[in-house]
Amino acid sequence: MSDNTNYVFFGDSPTLDTGFACVTKNIITRLPFQDQIHFWGLGYNNIPHDYTCRLYPGNIDSAWESDYNINRFYEFLTHFNTPITLWVLHDSYRLKVLAPIIDKIRENNTLKIIAYTPIDSYTTPEDRDFLSRVDIPVAYTHFGAYEIQKHTKQPVQVIPHGIEHDYFNLSYNIKVVPSP
C-alpha cells in the first residue's frame, strides 16, 4: 500500500508480553504495509526488535495518560501534514484523555480513527468521550458491540477475540447463546 496516509497505531508495544500486545502483534505482522506504520508504543523503552514498523516510546517517566505524555502524542500527530489513520487498541474508558487532542488535530488535518476496544462489562457515560469520536468502532464480542453502539452513530464491527486451540481445549459441550 503506497499512499499519502500516515498509519499510526496507539497501544501496548508489540515488544511487551501483555494481552493487548499479543493482539497487536497478530494484527500488525499481517499488514502488507508495515514499513508505513508509526507505532506509539505504550510501555516501549527503545529495546531492539524485529518489527519493520517505526516504534516510538508512548510513555516517558510516567503513565501514558499523564499530561506530559498526552501532549507528546499530540505533538507527534501534528508533525503529519497528510491524512492520518489512527488505529487504537485499548480500553475505551482510559482513552477519554485523547478526546481533546483528537478534536485539535481534526481542526487542521484529516484524522480517521479505528478503535478495537474490549468491552466486557457495561459501559458508562465516560466511555462516550472517546467512542463518540471513533470513525470505525470494532468490538471483540457482540455484547461489546451492543455497549459501544450506545455511544456512537457509526456501525460497530465485531472481530472476535480468538482462542489458541493448542493451549485451550474444552472437554465438554457448551450451549451457544445468540447475541442480543
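Q: How many aromatic pairs does the count come to in this model?
A: In this predicted model, the count comes to 13 aromatic pairs.

Q: Why is the pair of F9 and W87 called stacked?
A: The ring centres of F9 and W87 are 5.8 Å apart, and the planes meet at 20°. Pairing requires centres within 6.5 Å, and stacking requires planes under 30 degrees apart; the pair is therefore stacked.

Q: What makes this pair a tie between parts that are apart in sequence?
A: F9 belongs to strand 1 (residues 6-12), whereas W87 belongs to strand 4 (residues 84-89), so the pair ties together parts 78 residues apart in sequence. Strand 1 and strand 4 also pair in the parallel sense, over six bridges, and F9 stands opposite W87 there.

Q: Why do F9 and W87 count as buried?
A: The cut-off for buried is under 20% relative accessible area. F9 has a relative accessibility of 6% and therefore counts as buried; W87, with a relative accessible area of 14%, is buried as well.

Q: What makes strand 1 mostly covered?
A: Seven of the seven residues of strand 1 are buried.

How values were computed:
Residues numbered from 1 in each chain as written. Predicted model: local features only at pLDDT ≥ 70, side-chain atom pairs only at ≥ 80, totals over all residues. Heavy atoms only, no water. Phe/Tyr/Trp six-rings, centres within 6.5 Å; stacked < 30°, edge-to-face > 60°. Helix = DSSP H or I, 4+ residues; strand = E, 2+ residues; numbered from the N terminus. Buried < 20%, exposed > 50% of the residue type's maximum accessible area, 1.4 Å probe, protein only. Pairing = 2+ DSSP bridges.
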